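We'll start with the whole fold and then walk through some of its parts.

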Amino acid sequence: MDAFLQQVLSGLATGGIYASIALALVMIYKATHLVNFAQGEMAMFATYIAWQLITWGMPYWGAFFLTIVIAFVGGVVIERTIIRPFESHDAVLAVVTVFIGLLLILNSVAGWIWEYIVKSFPSPFPTTSYLGGFISGHQVGLLGVTLGMLALVFAFFRFTPLGLAMRAAAENPSSSRLVGINVSWMLALGWGLAGAIGAVAGMMVAPIVYLDPYMMSGILIYSFAGALLGGIDNPWGAVVGGFIVGVLENIMGVYVVGSELKLTVALIIIVGVLVAKPSGLFGKALVTRV
């Protein structure tokens, strides 16, 4: 029973990372109706920037918040310069190709600048364990930072005029334009916010998986599974799905398939959701009259 509880608590901690990336995926999906395959690489690149700032002598939390700002600006720049020219195109394949190209560019540039050598990333949290040794200090801090960030995002979208405008632009662009909302810039800010959220996730997971250009590849698959499970069009459903996937990954990895095959759990969830309930647990099933 103790081992099972440890796996659940650890799964909730890693599930917080999946929830963060899943939320970023859903934010961009609601704007483009496409999955941003480069979301993991954007988070990885931001984490390398934080590592470089810390290496240059900046305090951890100073580098943490500066990286969030840089990631936000980077997300806006990517949308304005790379994604925007394709907004008016109906060719889905063109935008998907851009996402894949962005993934490869960020991965290659990170490897060129910082080399494909695994690096350690510092943790600002104590090394002591909690709850009888079931969960480490970093996992507690990771969960706290993730929940705090999600609470801030919820408050932003729920209570601020800018957040409400971004929600409206994603839900109904045509009606939003009629009431004076600059939909194009709202989408750019959505990309910036997704980049900032991914940066937080990358900096929180790097002390666990270590830092290298491929660090987010598996995490993106788990996060995509969480987004699908909760509902790819429902931000908070995707957050719940990310936590569920984190717990299932640990439990299935220990008691069913083994740690070497844990990634298959995410793939099974993806295929199962697409076959049985494509709208996810909390998503909306759209019915079109033909």
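What radius of gyration would a compact globule of 290 residues have, and what does the protein have? A compact globule would come out near 19 Å, and the protein has 19 Å, so the two agree. Here the radius of gyration is taken over C-alpha atoms, and the globule rule is 2.2 Å times the number of residues to the power 0.38.

Some housekeeping before going further. This is a predicted model, in which local features need pLDDT of at least 70 and side-chain atom pairs count only at pLDDT 80 or more, while totals for chains, interfaces and linings use all residues. Residues are numbered from 1 along each chain as its sequence is written, and side-chain values use heavy atoms, with hydrogens and water left out.

Along the principal axes, the C-alpha atoms fill a box of roughly 55 × 50 × 35 Å. Inside it sit 11 helices and two strands; helices (H or I, at least four residues) and strands (E, at least two) are DSSP runs, numbered from the N terminus. Reading along the sequence gives the pattern α-α-α-α-β-β-α-α-α-α-α-α-α.

How much of the protein is buried? Buried residues make up 51% of the 290, where buried means under 20% relative accessible area, exposed over 50%, and partly exposed in between (1.4 Å probe, protein chains only). As for contacts (heavy atoms within 4.5 Å), take those with a separation of 6 or more: 74% of them join residues 24 or more positions apart. The accessible surface comes to about 13,900 Å², and 71% of that belongs to carbon and sulfur atoms. These areas come from the Shrake-Rupley method with a 1.4 Å probe, and for residues only the protein chains shown count as cover.

On the charge side, there are 11 positive and 11 negative side chains, with the centres of the two sets 14 Å apart. Lys and Arg count as positive and Asp and Glu as negative, with His and the chain ends not counted. Each charge is placed at NZ of Lys, CZ of Arg, CG of Asp or CD of Glu.

Now find helix 5, which covers residues 137–159. Its 23 residues reach 32 Å from the first C-alpha to the last, close to the 33 Å expected at 1.5 Å a residue; the expected span is 1.5 Å times one less than the number of residues. Among the buried residues of helix 5 are Leu142, Val145, Thr146, Met149, Leu150 and Val153. An α-helix has 3.6 residues a turn, so residues three or four places apart point the same way. Zoom in on Thr146, which counts as buried because its relative accessibility is 1%. Leaving aside neighbours within four places in sequence, Thr146 is in contact with Gly16, Ile17 and Ser20.

Next, go to helix 9, residues 217–230. Its 14 residues should span 20 Å, and the end C-alpha atoms are 20 Å apart, which agrees. Since 10 of the 14 residues are buried, helix 9 is largely enclosed by the rest of the structure. The buried ones include Ile219, Tyr222, Ala225 and Leu229.

Most residues other than glycine have a negative phi. Which phi does Tyr210 have? Phi of Tyr210 is positive, near 70°. Tyr210 sits in the loop between helix 8 (183–209) and helix 9, and at 45% relative accessible area it is partly exposed. Glu115 also has a positive phi near 70°. Look for Glu115 in the loop between helix 4 (92–114) and strand 1 (129–130); with 46% relative accessibility, Glu115 counts as partly exposed.

Met215 is found in the loop between helix 8 and helix 9, and it is buried at 7% relative accessibility. Not counting residues up to four places away in sequence, Met215 touches Met44, Thr47, Gly202, Val205, Ala206, Val209 and Tyr210. Met215 and Glu115 are 100 residues apart in sequence, yet their C-alpha atoms are 13 Å apart in space.
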